[in-house]
There are 2 protein chains.
Amino acid sequence: MPTHPYHHGSLRSALVDAGVQLAREGGPGAIVLREVARRIGVSPNAAYRHFAALPELSDAVAEAALAALAASMRRELDAIPDRDDPLMVLLAVGRGYVHFALDEPGLFAAAFSRPKDHIDPELYTPDGQRSATGLLHDALDGLAAAGLLVPQDRDAAITMAWASVHGLAMLLLGPLGGVAPADREPMIDAALGLVCRGLTSR
Amino acid sequence: MPTHPYHHGSLRSALVDAGVQLAREGGPGAIVLREVARRIGVSPNAAYRHFAALPELSDAVAEAALAALAASMRRELDAIPDRDDPLMVLLAVGRGYVHFALDEPGLFAAAFSRPKDHIDPELYTPDGQRSATGLLHDALDGLAAAGLLVPQDRDAAITMAWASVHGLAMLLLGPLGGVAPADREPMIDAALGLVCRGLTSR
DNA sequence: CTTATTTGGTTCACAGTGTCAACATTGTTT
DNA sequence: AAACAATGTTGACACTGTGAACCAAATAAG
């Protein structure tokens, strides 16, 4: 009897899983087709029955990474005491974003490594959960509903909040990667605090 | 007589120049050693007399890209009417940053593609000019000098301003890449306006 | 002015990659 | 049972980064 059947059964998801694992270990550049196949114990070209080429696998990995990012944000949301305080919610969303980037730098990089040409980002992950973008929208709508954000600033605020948090994550992983982990948390809170102040002032 | 002498004379800078060109055309991933050598008309391994390996060349290209970024910011600074208005200066610095990213996406990506472990980023480019970081510091110091920013917020403000602008650039090149160019300029101004408001409020 | 030595460029070779074409095996439909 | 489609495999090719050995030219030592 063969160790495993000729047909894997769910090769596609196995490929994505292995790709995710590689991305975790070494970023988007580490996701290499032959290694993925090797880890699953399948021939190099088997992947071509499920993905037209490597970039397509990378896209799938990026999608999974984005879902993981959203999960991290949701986790941070669940940890705050008062879910009705819109400022706390916004801060939690931001922390979840940055923390995911710091905890899973490879996945985070993979999530944004592929050029995507959708005009507007998805509000839901493929599994039906609220996406990172969706959670951010919700947080800012909460702010607006509480009268802390003038509605006409909503769109600019979304862009700005996203940009701030995304940039902060990038900087902490890149040029600011040298700051001691102990100094990081206060830095994150201070930066996010400034964002909130900016969004909610007049 | 040979078409070109055995010794190139300034191969190192030629390699970097070719690398920069490749990065402009296809981002950091497009800078490939053999192609660089091919374009200069030199053997593939010639580069190894000037760089220990490919990543080292990439670092040199990134350095050049950062200098180009600073130049773009300086250019935008030169275009504003009143250089003594600290808010205008800050906005110009931000616009220079984002505009460079949009005009030279490949170079911009290359500039930040290499993991650098300096604790604090350089304030000057190798050619003695003020670097992007330096220009940002100057802008925020001007804000503080004008009493528009409380000094104790300076460090967080630097982080925040940099993160916002960097994130905005990344988003416009990535998930928000689909917005029409006509809508982009107002978007940039609105976002940067929010940052300024946030930094200068309270 | 020779002669040694260092610097810079070349050639050959190798392992590893993405991808294509042709083939083999299995599950599904008729 | 036979045709068919879906899925995995094999072999091959062009391309990459990099090491080792070699060679040409500039420079230093005698």
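Predicted model: local features only at pLDDT ≥ 70, side-chain atom pairs only at ≥ 80, totals over all residues.
View 1. In total, 21 residues surround DNA strand C. The closest of them are Leu33(A), Ala53(A) and Leu54(A) from chain A, together with His8(B) and Ser43(B) from chain B.

**View 2. The contact between chain A and chain B.** Chain A contributes 33 residues to the contact, and chain B contributes 34 residues. On the side of chain A that touches chain B, helix H7 (154–173) and helix H8 (181–200) of chain A supply at least two residues each. The most is given by H7(A), with 13 residues. Sorted by class, the side of chain A that touches chain B holds 20 nonpolar, ten polar and three charged residues.

**View 3. The rotation axis relating chain A and chain B.** Chain A is superposed on chain B by a rotation of 180 degrees with 0.0 Å of shift along the axis, and the RMSD is 0.0 Å. This relation is therefore that of a two-fold axis. Among the residues of chain A, Gly198(A) comes closest to the rotation axis, its C-alpha lying at 1.5 Å. Both copies use the same surface, as 100% of the contact residues of chain A recur in chain B.

**View 4. The largest nonpolar core and the surroundings of Val61(A).** The largest nonpolar core has 126 residues. Val61(A), Ala65(A) and Ala65(B) are the residues with the most contacts inside this core. When residues up to four places away in sequence are not counted, Val61(A) touches Val16(A), Gly19(A), Val20(A), Ala23(A), Ile31(A) and Ala110(A).

**View 5. Arg184(B) and its contacts.** Arg184(B) belongs to helix H8 of chain B, which covers residues 181–200. Arg184(B) counts as partly exposed because it has 15 C-beta neighbours inside 10 Å, a count between the limit of 12 or fewer for an exposed residue and that of 20 or more for a buried one. Apart from neighbours within four places in sequence, Arg184(B) is in contact with Leu172(B) and Val179(B). Leu172(B) and Arg184(B) are twelve residues apart along the chain, and their C-alpha atoms are separated by 8.3 Å.

Definitions and conventions:
Residues numbered from 1 in each chain as written. Chains lettered and ligands numbered in written order. Near = placed C-beta within 6 Å. Contact = placed C-beta atoms within 7 Å. Helix = DSSP H or I, 4+ residues; strand = E, 2+ residues; numbered from the N terminus. Nonpolar A, V, L, I, M, F, W, Y, C, P; charged D, E, K, R; others polar. Core = buried A, V, L, I, M, F, W, Y, C linked by C-beta atoms within 7 Å. Least-squares fit on C-alpha atoms with pLDDT ≥ 70 in both.
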